[in-house]
Amino acid sequence: MLSRRIIPCLDVRDGKVVKGVRFRDHVVMGEIVDLALRYRDEGADELVFYDITASPQGRSVDRGWVERVAREIDIPFCVAGGIRSVTDAREVLHAGADKVSINSPALERPDLIDELAAAFGVQCVVVGVDSMRDADGEWRVRQYTGDPTKTRSLARRTLDWMVEAQRRGAGEIVLNCMDTDGVRQGYDLLQLAAARKLCAVPLIASGGAGTPAHFRDVFTQARVDGALAASVFHSGALSVPDLKRYLQQAGIVIRLQETVGHE
Amino acid sequence: MSVVLVDAGGTNIGSVRYALQRLGVDAALTADAQSIRSADKVILPGVGAAAPGMARLRELELVDVIRSLTQPVLGVCLGMQLLCEHSEESDTACLGVIPASVRRFEETPERCVPHMGWNRLSPVAHHPLLKNLEEGDWAYFVHSYAVPVGDYTLVSCDYGMAFSAVIASGNFHGMQFHPERSAQVGAKLLKNFLEM
């Protein structure tokens, strides 16, 4: 049985891991490789690194830290931020990342998803979707969320975009529900369950984790493949081993070994 | 001991190389026939699709070189699939050194394709490659195509149906998961291969 994945997300800004609340007011959390190793040792199933300033600044990811992480880490990791061409993606993948995640550039030019899938296979291509509920009750996508002064609301409906992204070759979708992000009141189960129905590829929940029960609920009620969280892990409010033991006791298939340090 | 990684353009070559470095082995990346023939161990990595993978091996004139190797050879993920006879992916004829064929996972409401994430290994044979491997050890998979269980299967895995996680025939071995990304379990299996 495939296990459900616990995925700490490290937002990277100027070479450090940072965390903000509702995508604003970033505080430095630590060094990239140190935090990556800590989560690896604790039993994280995968790591995601978002270079949150790359896309708004119109530049690609700095491959230096990708290579440093790849040398040290023996669990999969995904890199996101400013990847806007096959060439950018190749750099990051050759530096050792297992997957690339694209968000704003895919909204700028959806053909990018097709091009990446053709070049590297769908398994390398993650599409990140930032979504907010508008006043009319519809979920719609947001672009350039790494920088609040540049964030844009788009007319595109979140669920329509997810369907299109899959048709174009997304091998995994990370749905970040911005209304619940950073405030630790739980994942947006309603939106994620709606997304699950339309998602034939792995779906990762993002935004809102605060307690172990939030993770349990997103696995059992929205049936997502993985749950991504940042501040709740970085702050020490939740530890990955405790969370995984809780989920296992709740009857969820979870990888529970190797939570001790490496040789 | 000399270990080479066949540079067939796969994007996980760097990761496999780093995993070997963590085990104290500096593997050369090469597409040179002579270096491959003379190595003690040969690893064929690869992420991507079967048809471009085979096209690249033909372009590098490595098809017969790999087929004629007698030292231990390990294919990882797509590298493993290329060692088989045939892949359903774009109806591709592969190297044919392991008598197996590669099929696409059937998509069902319960089974997302690609199969992506950590799944448990079930050893079904005794083999030096499996030393210290335990029932239920976790490995990291990312693939849409898989090899059904057969005589060549050393380890199986369950994704709503059983498929081959590790296969072997003679000196040729394959791992469907990514040992370079499977934490200590992956390191254990790579170490076993290096010690064969």
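In the predicted model, the buried residues of helix 6 of chain A are Thr158(A), Leu159(A), Trp161(A), Met162(A), Glu164(A), Ala165(A), Gln166(A) and Arg168(A). The helix spans residues 158-168. Eight of its eleven residues are buried, so the rest of the structure largely encloses helix 6 of chain A. Gly169(A) follows the helix with a positive phi, near 125 degrees.

Chain A also carries annotated positions. The UniProt annotation "active site", from an unreviewed entry, covers Asp11(A) and Asp130(A). These positions are spread over 120 residues of sequence, yet they cluster in space, with a largest C-alpha distance of 14.5 Å. Asp11(A) lies in strand 1 of chain A, residues 5-13. Its relative accessibility is 12%; because the cut-off for burial is under 20%, Asp11(A) counts as buried. Beyond its neighbours within four places in sequence, Asp11(A) is in contact with Lys16(A), Val17(A), Val18(A), Lys19(A), Tyr50(A) and Ile52(A).

Asp130(A) sits in strand 7 of chain A, residues 125-133. Asp130(A) is buried as well, with a relative accessible area of 8%. Its side chain makes a polar contact of 3.1 Å with the side chain of Asn103(A).

Ser101(A) belongs to strand 6 of chain A, residues 99-102. At 2% relative accessibility, Ser101(A) is buried. Residues up to four places away in sequence aside, Ser101(A) touches Tyr50(A), Cys78(A), Val79(A), Ala80(A), Gly81(A), Ile83(A), Val126(A), Val127(A) and Gly128(A). Ser101(A) and Pro241(A) are 140 residues apart in sequence, and their C-alpha atoms are 26 Å apart in space.

The annotation for chain B names three residues. In the unreviewed UniProt entry, "active site" covers Cys77(B), His178(B) and Glu180(B). They are spread over 104 residues of sequence but cluster in space; the largest C-alpha distance is 10.7 Å. His178(B) lies in the loop between strand 14 (172-175) and helix 6 of chain B. Glu180(B) is found in the loop between strand 14 and helix 6 of chain B. His178(B) is buried, at a relative accessible area of 6%. Glu180(B) is buried at 1% relative accessibility. A polar contact of 2.7 Å joins the side chains of His178(B) and Glu180(B).

The surroundings of Glu180(B) draw on both chains. Not counting residues up to four places away in sequence, Glu180(B) touches Asp74(A) of chain A, and Asn12(B), Ser15(B), Val16(B), Ala19(B), Arg22(B), Val76(B) and Leu190(B) of chain B. Of these contacts, Ser15(B), Val16(B) and Ala19(B) are also buried residues of helix 1 of chain B.

Seven of the ten residues of helix 1 of chain B are buried, so the helix is largely enclosed by the rest of the structure. The buried residues are Ile13(B), Gly14(B), Ser15(B), Val16(B), Tyr18(B), Ala19(B) and Leu20(B). Their cover includes helix 2 (63-72) of chain A. From chain B, the cover includes strand 1 (3-6), strand 2 (28-30), strand 3 (41-44) and helix 6. Gly24(B) follows helix 1 of chain B, and its phi is positive, near 85 degrees.

At the interface, 32 residues of chain B are in contact with 41 residues of chain A. The two chains bury about 2,900 Å² between them, 54% of it on carbon and sulfur atoms. In chain B, Met116(B), Trp118(B) and Arg181(B) lose the most area to chain A, together 24% of what that side buries. The count of salt bridges between the chains is one. Asp98(A) and Arg181(B) form this salt bridge through their side chains, at 2.7 Å from N to O.

The elements that give two or more residues to the side of chain B that touches chain A are helix 1 (13-22), strand 8 (115-120), strand 10 (138-143) and helix 6 (183-194). Strand 8 of chain B provides the largest share, six residues. By class, this side has 13 nonpolar, twelve polar and seven charged residues.

Methods: Residues numbered from 1 in each chain as written. Chains lettered and ligands numbered in written order. Predicted model: local features only at pLDDT ≥ 70, side-chain atom pairs only at ≥ 80, totals over all residues. Heavy atoms only, no water. Contact = heavy atoms within 4.5 Å. Buried area = accessible area lost by both parts, 1.4 Å probe. Salt bridge = Lys/Arg side-chain N within 4 Å of Asp/Glu carboxyl O. Helix = DSSP H or I, 4+ residues; strand = E, 2+ residues; numbered from the N terminus. Nonpolar A, V, L, I, M, F, W, Y, C, P; charged D, E, K, R; others polar. Buried < 20%, exposed > 50% of the residue type's maximum accessible area, 1.4 Å probe, protein only. UniProt positions renumbered as here; feature names shortened; annotations may be inferred. Polar contact = N/O pair within 3.5 Å; in protein donor to acceptor, adjacent residues only side chain to side chain.
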